[in-house]
Amino acid sequence: MTELKGSLVALVTPMRADTQAIDWPALDALVDFHLAEGTDAIVAAGTTGEPSTLSFSEHFDVISRVVERVQGKIPVIAGTGANSTQEAIELTRHAQKVGASACLSVTPYYNKPTQEGLYQHFKAIAQASDLPIILYNVPGRTSVDMLNETVERLSCVENIIGLKDATGDLERGKELITRLADSDFLLFSGDDATAVDFILMGGRGNISVTANVAPRQMHELCHAALQGDTQKAHQINTRLMPVHNRLFVESNPIPVKWALHAMGKIDLGIRLPLTPLSEKYRPTVQEALQMAGLLAG
């Protein structure tokens, strides 16, 4: 896992529009799409995959299905975070059992633990399984912020190998990269709009929403940045910037699921309390896809 880098797609979970049941053939097709387009790794059942509205068995099954479909061609990172430490442990153990390469574990949402609580939560998960763990900090979504000092402390815990930083705060990211420069801890952006700059500062890649609709472009963008080709990375990023921004006109994954539907990749299913993209935003998202060459005009 120390070689993990590049564009890691935060994969949607496709659902039928009529029943909101998981559309397994569509999920298989999405995995095949990413394998063909050069995505470097797949995150299954992360935030974009709607784990909050999946049953426990569905959550297990999505991870298992993606692992089975990928057949070891690229890493599969299982979303196993929860605000219950025991639940996160159970999900992580399942992910290890079915052959996931690593897990992505979000900071516990809603119950708002202290920094010490965050440390003990992730330490307990790490000690309960042998699966490599990537921490996930997204305070805008969870209302809890894991400080750089806590990340540095957790970087010393066996099995904890990296962090997805979705704060979008480049100064903070730069500080963390500097703090951990002498370690093999993997730092990933979780914010498409600032990912290029994060990688150019020393990050290993991007766990991306945009990669759902533009997998080839995001792969090329990340690897250009990793190779220090600033001009190419920024050129691709400029073209994709409207997509980065407009995939968040409503809560993720509402816009990206509509975008994939517009591209003919999935049905329009999404589970309550999320609803399909509002009519007023559809032309905005469609225009961004067209500007990036992802949808015919």
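1. I begin with Leu240, a residue of helix H10, and I note at the outset that this is a predicted model. Leu240 has a relative accessible area of 1% and therefore counts as buried, the cut-off being under 20%. Leaving aside neighbours within four places in sequence, its contacts are Thr210, Ala214, Gln217, Met218, Leu221 and Ala292. The C-alpha atom of Leu240 is separated by 9.9 Å from that of Leu294, a residue 54 places away along the chain.

2. Helix H9, residues 215–226, comprises twelve residues and spans 16 Å between its first and last C-alpha atoms, which is close to the 16 Å expected at 1.5 Å a residue. Its buried residues are Pro215, Met218, His219, Leu221, Cys222, His223, Ala224 and Ala225. The elements that cover these buried residues include strand E1 (6–10), helix H1 (24–37), helix H8 (195–200), strand E8 (205–208) and helix H10 (230–246). After H9 comes Gly228, for which phi is positive, near 80°.

3. How do the strands E1 to E8 close, and in what order? The eight strands form a barrel in the order E1-E2-E3-E4-E5-E6-E7-E8, with parallel pairing, and the twist from one strand to the next averages 25°. As a general point, strands of a sheet pair through backbone hydrogen bonds, either parallel or antiparallel. In one of these pairings, strand E3 (residues 76–79) and strand E4 (residues 102–106) run parallel over three bridges, and Gly79 stands opposite Leu104 in E4.

4. Two of the helices that pack against these strands deserve a look. Helix H2 (residues 56–70) touches strand E2 (41–44) and E3, and its direction makes about 175° with that of E3. Helix H4 (residues 115–128) lies across E4, strand E5 (133–137) and E6, and runs at about 160° to E4.

5. The largest nonpolar core holds 79 residues, of which Val66, Leu135, Ile160 and Val213 touch the most other members; H4 supplies the largest share of this core, six residues. Apart from it lies another core, of 17 residues, which includes Ile77, Leu104, Ala166 and Phe188. In soluble globular proteins, nonpolar side chains tend to be buried together.

6. For Ile160, once neighbours within four places in sequence are left aside, the contacts are Phe122, Ala126, Ile133, Leu135, Leu154, Ser155 and Phe185. Ser155 lies in the loop between H6 and E6, and, not counting residues up to four places away in sequence, Ser155 touches Ile160, Leu180 and Phe185. The side chain of Ser155 also reaches the backbone oxygen of Glu152 at 2.5 Å.

7. A polar atom of its side chain lies 2.7 Å from the backbone oxygen of Ser129. Not counting residues up to four places away in sequence, Asn159 touches Ala126, Ser129, Asp130, Leu131, Pro132 and Ile133.

Notes
Residues are numbered from 1 along each chain as its sequence is written. This is a predicted model: local features need pLDDT of at least 70, side-chain atom pairs count only at pLDDT 80 or more; totals for chains, interfaces and linings use all residues. Side-chain values use heavy atoms; hydrogens and water are left out. Contact means heavy atoms within 4.5 Å. A polar contact is a pair of N or O atoms within 3.5 Å; within protein, one must be able to donate a hydrogen and the other to accept it, and residues adjacent in sequence count only if both atoms are side-chain atoms. Two strands pair if DSSP finds at least two bridges between them. Helices (H or I, at least four residues) and strands (E, at least two) are DSSP runs, numbered from the N terminus. Axes are lines fitted to C-alpha atoms, for helices over the stretch in contact, and angles run from 0 to 180 degrees between N-to-C directions. A nonpolar core is a set of buried Ala, Val, Leu, Ile, Met, Phe, Trp, Tyr and Cys residues joined through side-chain atoms within 4.5 Å. Buried means under 20% relative accessible area, exposed over 50%, partly exposed in between (1.4 Å probe, protein chains only). The expected span of a helix is 1.5 Å times one less than its number of residues.
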